[in-house]
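Please keep the sequence and the three-dimensional view at hand while reading.

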Amino acid sequence: LADPAPTSADELRRFYADSPELFTIPPLASFDQLFFSPSERGAGLDAAVAAGLVALRGGTPPAEVGDRTPLRETYDAAPREQVAVLFGDALADAVFSLSPGDWVGPYRSDFGVHLVRLRDRTEARLPPYEELEPQVATEFAAQRRAARNEAAYREMRAQYDVVIEEPPPAAAPAE
C-alpha cells in the first residue's frame, strides 16, 4: 500500500521514545589486526606470533610483521557482530573489552592467528531525536506501511477458502 500520510512531530517523538532499540547505535570498535598464516608458518607459527608481538611492541611498523590476508588490517567503527563473523567470538570479546593502546594476542580465528591493537571504542548510545529525525520518520512510515499491508492481506485472505486437493493414490503395480 502507499505510504501513510505524514504524522505529527509529537507522534514521531513518541515513537522514538517508545522504540529506543530501533535507534540505539551499538558499541563500535576501531582496531588494527595482523594475521599469521598456519599454512605458511607451519610448526613455527607460535614462535612467529610471539616474535611478531615483541616486534610490534618494540615499534616495528605493522607492515613489516605478519602475513598477507584478504582481511583488512584496519577496521573503523566496526560493530561486534561484524568482528565476530570475521574473526570469531574470542577476538570480538577482546576488542570490546580491551583498553585502547598496545598490541595484544594471539587470538585464533578460522583463518589463522591474529594480533590486535584497539585504537578506539565507543559505547552504545541513543542519539538525540533531532539527530535522527529523518530516520525516525522513515522507520515510523515503514512500520505503519507494514501493518497496513498485513491488515489488507488478512482482509483479502478472509475472502477466500484455500482447498488443497491431493491426487488420488496411484494404483499398486501388478505382481
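The points below cover confidence, strands and backbone, the nonpolar core, salt bridges, and selected surface and distance features.

The structure is a predicted model, in which local features need pLDDT of at least 70 and side-chain atom pairs count only at pLDDT 80 or more, while totals for chains, interfaces and linings use all residues. Residues are numbered from 1 along each chain as its sequence is written, and side-chain values use heavy atoms, with hydrogens and water left out.

**Confidence**

- The protein chain has an average pLDDT of 91, and 96% of its residues score at least 70; pLDDT is the predictor's confidence in each residue, from 0 to 100.
- Confidence in the protein chain is highest in strand β2 (residues 74-79), at 97, and lowest in α7, at a mean of 89.
- Helices (H or I, at least four residues) and strands (E, at least two) are DSSP runs, numbered from the N terminus.
- Where pLDDT is low, the predicted coordinates should not be read in detail.

**Strands and backbone**

- Strands β3 (residues 103-108) and β4 (residues 113-122) run antiparallel and are joined by four bridges; two strands pair if DSSP finds at least two bridges between them.
- β3 and β4 form a hairpin, with four residues between them.
- Across this pairing, W103 stands opposite R117 in β4.
- Strand β3 also contains P106, and the peptide bond leading from G105 to P106 is cis, with omega near 10°.
- A77, in strand β2, has a phi near 50°, which is a positive value in a residue other than glycine.
- A77 counts as partly exposed because its relative accessibility is 42%; buried means under 20% relative accessible area, exposed over 50%, and partly exposed in between (1.4 Å probe, protein chains only).

**Nonpolar core**

- The largest nonpolar core has 18 residues, of which F31, V83, F87, L91, V95 and Y107 touch the most other members.
- At least two residues of this core come from each of β1 (28-36), β2, α5 (80-87), α6 (89-95), β3 and β4.
- Helix α6 supplies the largest share of this core, four residues.
- A nonpolar core is a set of buried Ala, Val, Leu, Ile, Met, Phe, Trp, Tyr and Cys residues joined through side-chain atoms within 4.5 Å.
- In soluble globular proteins, nonpolar side chains tend to be buried together.

**Salt bridges**

- The structure holds 13 salt bridges, each being a side-chain nitrogen of Lys or Arg within 4 Å of a carboxyl oxygen of Asp or Glu.
- One of them joins the side chains of R117 and D32, at 2.8 Å from N to O. Because R117 lies in strand β4 and D32 in strand β1, this pair ties together parts that are 85 residues apart in sequence.
- R117 is partly exposed, at 25% relative accessibility, whereas D32 is buried, with a relative accessible area of 7%.
- R121 and E123 also meet in a salt bridge through their side chains, at 3.9 Å from N to O. R121 counts as partly exposed at 23% relative accessibility, while E123 counts as exposed at 55%.
- R154 and E150 form a further salt bridge, with their closest N and O atoms 3.0 Å apart. Both residues lie in helix α7, four residues apart, about one turn of the helix.
- R154 is exposed, with a relative accessible area of 54%, and E150 is partly exposed, at 36% relative accessibility.

**Surface and distances**

- Y153, M156 and Y160 make a nonpolar surface patch of about 380 Å², and M156 is found in helix α7 (residues 129-157).
- Patches are made of residues with over 30% relative accessible area and no salt bridge, with like charges joined within 9 Å and nonpolar side chains (Val, Leu, Ile, Met, Phe, Trp, Tyr) within 5 Å. Accessible areas come from the Shrake-Rupley method with a 1.4 Å probe, and for residues only the protein chains shown count as cover.
- T122, in strand β4, is partly exposed at 34% relative accessibility. The C-alpha atoms of T122 and I25 are separated by 9.5 Å, although these residues are 97 residues apart along the chain.
- G52, in helix α4 (residues 45-57), counts as buried at 5% relative accessibility. The C-alpha atoms of G52 and P79, 27 residues apart along the chain, are separated by 27 Å.
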